[in-house]
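Subject: Structure handover

Hello,

The structure we spoke about is below, with its sequence. My notes on what was found follow it.

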Amino acid sequence: MQAQTLNAPATAERLRRMVPGLALCGGLTLVGLALHSIPALASTGVSPLVFALLCGIVVGNLPITSRHAQALAPGLHMATKKLLRLGIILFGLSITLQQILGLGWSVVFLDVIVITAVMSTGYFVGTRWLGLDRDTALLTSAGSAICGAAAVLATESMIKARPAATAMAVATVVLFGSLAMLVYPLLYPLSGMHEGLFGIYIGSTIHEVAQVVAAGEAVGPDALANALIVKLMRVMMLVPFLLLLPKLWAMRARTEGDERESGGSMTIPWFALGFIAMAGINSTGEIPAAVHSSLTVVGSVALTMAMAGLGVETRIDRLRSLGMKPFLLALILFVLLVVGGFGANLLLMGQG
């Protein structure tokens with residue numbers, strides 16, 4: 001009882017510290033919804049998520065925001081991590097297991113091909129051609145290949161990378177993932193793909209789950225559904241990657257004379273399993289319509305607030321300070337994902 005009494009003030013303080021950042025994300029969400037309600041802007045097909053993100057980028061780079069960065073940080077972290085995962089889990093209520101199974105094993109094979117090609121190319125080009133250290137090359141490749149910043153941080157915990165390498169890798173994910181999120185909807189009319197196939201292309205090649213959601217939403221509902229299914233399959237492949245990494249890293253370290261230890265706690269993407277669980281529940285058709293509608297709205301708001309937070313955390317000055325070689329590597333991987341991923345999708349998925 002005493003422990004609970006002592007914990008209550010601490011919990012209240014943590015919640016109080018989240019208020020400024022969450023309030024900012026909430027305000028940006030309202031702005032995004034308001035912009036989307038303007039007929040001229042709504043006709044462009046740009047979703048409230050993208051409007052919230054773009055507004056967040058503008059606000060995040062204002063001097064007044066930088067001055068209050070410490071006060072905003074807890075709430076922004078809550079939005080970009082917890083609310084994002086809540087939104088993804090609840091988005092499972094928009095999908096059925098029949099849709100997931102309908103994509104077939106070829107999608108799993110596609111994700112494996114993309115991850116293997118990007119990881120091997122990134123490590124080789126980064127260490128051999130660009131002269132980057134092993135940490136930066138691996139972390140940048142993992143972020144591009146699997147699931148963005150989450151993959152970077154999970155990989156960092158396994159290899160005990162230098163902080164500067166982690167910061168560089170996360171910055172490249174933010175830059176090129178955000179670029180992909182804005183470019184892919186423009187590529188859709190030129191691709192010759194139908195909406196569902198383009199969604200698979202989005203999910204198999206864009207960096208972050210949040211960026212996949214924004215790009216898929218901008219293209220259409222079928223694209224969003226397929227994109228998120230395929231992306232979450234990629235996210236779940238983080239687990240076997242992390243299981244294999246310590247052994248592979250130790251072997252490479254011995255050949256290159258790096259004596260640092262590896263091996264740390266493994267991050268399991270539980271939210272991906274929650275997404276599948278919600279899809280399973282939705283497949284039963286037993287959820288009352290009012291409850292289903294309410295949960296869907298909650299999920300949509302959570303995703304939009306996460307986009308706003310992601311935008312606020314995209315600081316241009318941070319990206320400028322990290323040097324050019326990691327960004328050159330990330331650019332090469334971005335081109336590989338866009339061009340090579342397009343070819344792989346056409347080859348493996350076809351136009352069916």
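The protein chain has 352 residues, of which 48% count as buried. Please keep in mind that this is a predicted model. The secondary structure of the chain consists of 18 helices and zero strands. Among the contacts in the chain with a separation of 6 or more, 82% are between residues 24 or more positions apart.

Nonpolar cores

The largest nonpolar core holds 87 residues, and the members that touch the most others are I202, L232 and F275. The element that gives the most to this core is helix α13 (residues 221-236), with 10 residues. There is also a second, separate core of 13 residues, which includes A52, L72, A302 and M305. As background, nonpolar side chains in soluble globular proteins tend to be buried together.

L232 and V209

What does L232 contact, once its neighbours within four places in sequence are left aside? The partners of L232 are I88, V209, F271, A272 and F275. One of these, V209, lies in helix α12 (residues 209-219). V209 counts as buried because its relative accessibility is 6%, and the cut-off for buried is under 20%. Not counting residues up to four places away in sequence, V209 touches I88, L228, K231, L232, V235 and F271. I88 and F271 are therefore listed for V209 as well as for L232, with the buried state of V209 resting on its 6% accessibility. V209 and R85 are 124 residues apart in sequence, while their C-alpha atoms are 9.3 Å apart in space.

Packing of α7 and α18

Helix α7 (residues 105-129) packs with helix α18 (residues 325-349) at an angle of about 155 degrees, and their axes are 10 Å apart. Angles over 145 degrees count as roughly antiparallel, so α7 and α18 are roughly antiparallel to each other. Their crossing is right-handed. On the α7 side, the contact is made by S106, V107, F109, L110, V114, A117, V118, T121, G122, V125 and G126. On the α18 side, the residues are L329, I332, L333, L336, L337, A344, N345, L348 and M349. How do the residues of this contact divide into nonpolar, polar and charged? The contact of α7 with α18 has 15 nonpolar residues, five polar and no charged.

Regards

Key. Residues are numbered from 1 along each chain as its sequence is written. This is a predicted model: local features need pLDDT of at least 70, side-chain atom pairs count only at pLDDT 80 or more; totals for chains, interfaces and linings use all residues. Side-chain values use heavy atoms; hydrogens and water are left out. Axes are lines fitted to C-alpha atoms, for helices over the stretch in contact, and angles run from 0 to 180 degrees between N-to-C directions. Helices (H or I, at least four residues) and strands (E, at least two) are DSSP runs, numbered from the N terminus. Angles under 35 degrees count as roughly parallel, over 145 as roughly antiparallel, 65 to 115 as roughly perpendicular and the rest as oblique. A crossing is left-handed if the near helix is turned anticlockwise from the far one by less than a right angle, and right-handed if clockwise. Contact means heavy atoms within 4.5 Å. Ala, Val, Leu, Ile, Met, Phe, Trp, Tyr, Cys and Pro count as nonpolar, Asp, Glu, Lys and Arg as charged, and the others, Gly among them, as polar. A nonpolar core is a set of buried Ala, Val, Leu, Ile, Met, Phe, Trp, Tyr and Cys residues joined through side-chain atoms within 4.5 Å. Buried means under 20% relative accessible area, exposed over 50%, partly exposed in between (1.4 Å probe, protein chains only).
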